[in-house]
Amino acid sequence: MNPFSDRSIKAVMFVLFGVFMGAWSALTASADASELPILVIIQVSENVYSAIGATAAPSRDNFGHNNNLSFVITEGGVVVVNGGDNALLAAALHRAIKERTDKPVRYVINENGQGHAFLGNSYWSDLGVKILAQRQAIEEIKTHGEASLSQMRERMGPLVSGARVVVPDIAVDDRYVLELAGEPIELRRFGAAHSPGDLSVWLPEQRILIAGDIAFHERLLGIFPDSDVDAWIDSFDVMADLDPVIVIPGHGHPTDIETLRYFTQGYLQFLRDEIEVILDDDGDLSDAYNVDQSAYEMLDTFDELAQKNAGRMFRQMEEKLFQ
Ligand SMILES: [Zn+2]
């Protein structure tokens, strides 16, 4: 695709305008005495918005807001992508939604089974909003949800005293179309990737993709023990085949697919190649830790995650050799 097509330029200008308006609203909202966190909301298109999370680990300072919480306003109601790390964040997002529309929130989608995707579900569930997630993410939430909850409680303290795990109501397999008046909203699974039950949201009429944790930039992605790196590299291609104009990644500002390919698929391929050489030479875990990853040093969370990623990828690839 020609990166300078009219469609792209228009889309990028929209995002830049949104960044400006988001920064402006953060400034003007600083006098707000409410105890809810102030979210910087970016307008991605006429009816798509995203509260861009910090490119850092979740903390009390950032209210656990370290991933993107997006929403789509339609004639038939609002669709929210991600429950958020806790009910406070969900309430802050809801306030931002109500500032932009009087349509009710109809659905909340969890991008996977990790804490920052689902721990705020309790807020939405109390309002009677239906929550959707991929089937494997629902299993994750059932199995590990309480552990995620106690980590979050430890981080946030008394701010989240009533927090509880709410398992999504509707299980999605590979594809699910939300029936709302207005444009179709498709939930898509592109294959295994970052964590069990990765789910993306595709707006085919606008060619906007809310990718979730299958796509990162601005910060280094994290490889988890349950990430499937080989599949992730392939699933990225399946996603990119949609040819989106704008992608809202799991982490980092809205951007184009090629930027995300460089920092997500490119990084995974780079690390996989490096570890392959180590394994071919009968190297060990310490060699993996010493891989020179400085080409990605400019990314946030590099210091926390680079070595950990190399170690996890080494173990995963070593295990596959002996299968
Ligand atoms: Zn994430």
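**Sheets and helices of a predicted model**

Strands β9 (residues 185–188) and β10 (residues 200–203) are paired antiparallel through three bridges, and within this pairing R188 has S200 of β10 as its bridge partner.

**The five-stranded sheet**

- An open sheet with mixed pairing is built from five strands, which follow one another in the order β8-β9-β10-β11-β12.
- Its edges are formed by β8 (175–178) and β12 (246–251), each of which pairs on one side only.
- On average, and with direction ignored, neighbouring strands of this sheet are turned by 25° against each other, while α7 packs on the sheet, where it touches β11 (208–216) and β12 and takes a direction at about 10° to that of β11.

**The seven-stranded sheet**

- Seven strands in the order β1-β2-β3-β4-β5-β6-β7 make up an open sheet, again with mixed pairing.
- The edge positions belong to β1 (41–43) and β7 (170–172), each pairing on one side only, and neighbouring strands are turned against each other by 20° on average, direction ignored.
- β1 and β2 are connected by a hairpin through four residues, and they pair in the antiparallel sense over three bridges, with Q43 standing opposite Y49 in β2.
- β2 is also joined to β3 (residues 69–74) by four bridges, with the two strands running antiparallel, and here the bridge partner of Y49 is F71 in β3.
- In a regular strand, side chains alternate between the two faces of the sheet. In β2 (residues 48–51), V48 and S50 point one way and Y49 and A51 the other way, and all of these residues are buried.
- β4 (residues 77–81) and β5 (residues 105–109) run parallel and are joined by four bridges, among whose residues V81 has I109 of β5 as its bridge partner.

**Helix packing**

- Helix α5 (residues 135–156) lies across β6 (130–134) and β7, and it runs at about 105° to β6.
- Helix α9 (residues 302–321) contains 20 residues and spans 28 Å from its first C-alpha to its last, which is close to the 28 Å expected at 1.5 Å a residue.
- The buried residues of α9 are L305, A306, N309, A310, R312, M313 and F314, and these buried residues pack against α6 (229–240), α7 (257–280) and α8 (285–289).

Notes. Residues numbered from 1 in each chain as written. Predicted model: local features only at pLDDT ≥ 70, side-chain atom pairs only at ≥ 80, totals over all residues. Pairing = 2+ DSSP bridges. Axes fitted to C-alpha atoms, helices over the stretch in contact; angles between N-to-C directions. Contact = placed C-beta atoms within 7 Å. Expected span 1.5 Å × (residues − 1). Buried ≥ 20, exposed ≤ 12 C-beta atoms within 10 Å, placed from the backbone.
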